[in-house]
Amino acid sequence: LPGHTDDHMLYLSLDGRMLETNVLAHITDVLEAGRSDETRLLKIWFAQQDVKAPSIYIDYLVPGKLLEGLKPEKDNLPDNFMRMLRHLAKRDFNPLFEELADPANPENLLSALMPDEEKRKVVKAAQKALIERSIAGMIQ
């Protein structure tokens, strides 16, 4: 944006809107969170479930809600993925339905960028995945 060298307008392909934010701040936040593997894994899982969610939302959802308070250096990817699935499968107090503001521009609600129908699809898919894993564990 003119006069604001780090501010950018992002095109949101889900609904054709523009989002004013600071891309450099996002890059810094994502790198400092230390959750790029978990974020990438969740994006892949969303794609497998045919869930449409803005990348910027997932970038903040993973460290800010799904793995909040968990230190990156003392954990592992499979455990973290299961932890994320358990949070996403919740009927009550599901982090998908909590507000998540853009740290670079608090006027942007990143959580509002993902439609509720897509969030409900995630909840059902996560519940199904946990049930299937539980059944598979009993069979072995």
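At what angle do α2 and helix α4 (residues 77-88) pack, and how far apart are their axes?

## How the two helices meet

α2 and α4 pack at an angle of about 55 degrees, and their axes are 10 Å apart. That makes α2 oblique to α4; angles under 35 degrees count as roughly parallel, over 145 as roughly antiparallel, 65 to 115 as roughly perpendicular and the rest as oblique. The axes are lines fitted to C-alpha atoms, for helices over the stretch in contact, with angles running from 0 to 180 degrees between N-to-C directions. The crossing of α2 and α4 is right-handed, a term used if the near helix is turned clockwise from the far one by less than a right angle.

## About the model

This is a predicted model, in which local features need pLDDT of at least 70 and side-chain atom pairs count only at pLDDT 80 or more, while totals for chains, interfaces and linings use all residues. Residues are numbered from 1 along each chain as its sequence is written, and side-chain values use heavy atoms, leaving out hydrogens and water.

## A closer look at α2

Helix α2 covers residues 36-48, 13 residues in total, and reaches 18 Å from its first C-alpha to its last. That is close to the 18 Å expected at 1.5 Å a residue, where the expected span is 1.5 Å times one less than the number of residues. Helices (H or I, at least four residues) and strands (E, at least two) are DSSP runs, numbered from the N terminus.

Within α2, the buried residues are Glu38, Thr39, Leu42, Trp45 and Phe46 (buried means under 20% relative accessible area, exposed over 50%, partly exposed in between, with a 1.4 Å probe and protein chains only). Seen down the axis of α2, these buried residues fall within an arc of 125 degrees, so they line one face of the helix; the arc is that of the directions from the helix axis to the C-beta atoms. On the face turned away from that buried side, you will find the exposed residues Ala47 and Gln48.

Just after α2 comes Asp50, with a positive phi of about 60 degrees although Asp50 is not a glycine. Asp50 lies in the loop between α2 and α3 (55-66) and counts as partly exposed at 46% relative accessibility.

Phe93 also deserves a look: its phi is near 55 degrees, a positive value in a residue other than glycine. Phe93 sits in the loop between α4 and β3 (101-102) and is exposed, with a relative accessible area of 73%.
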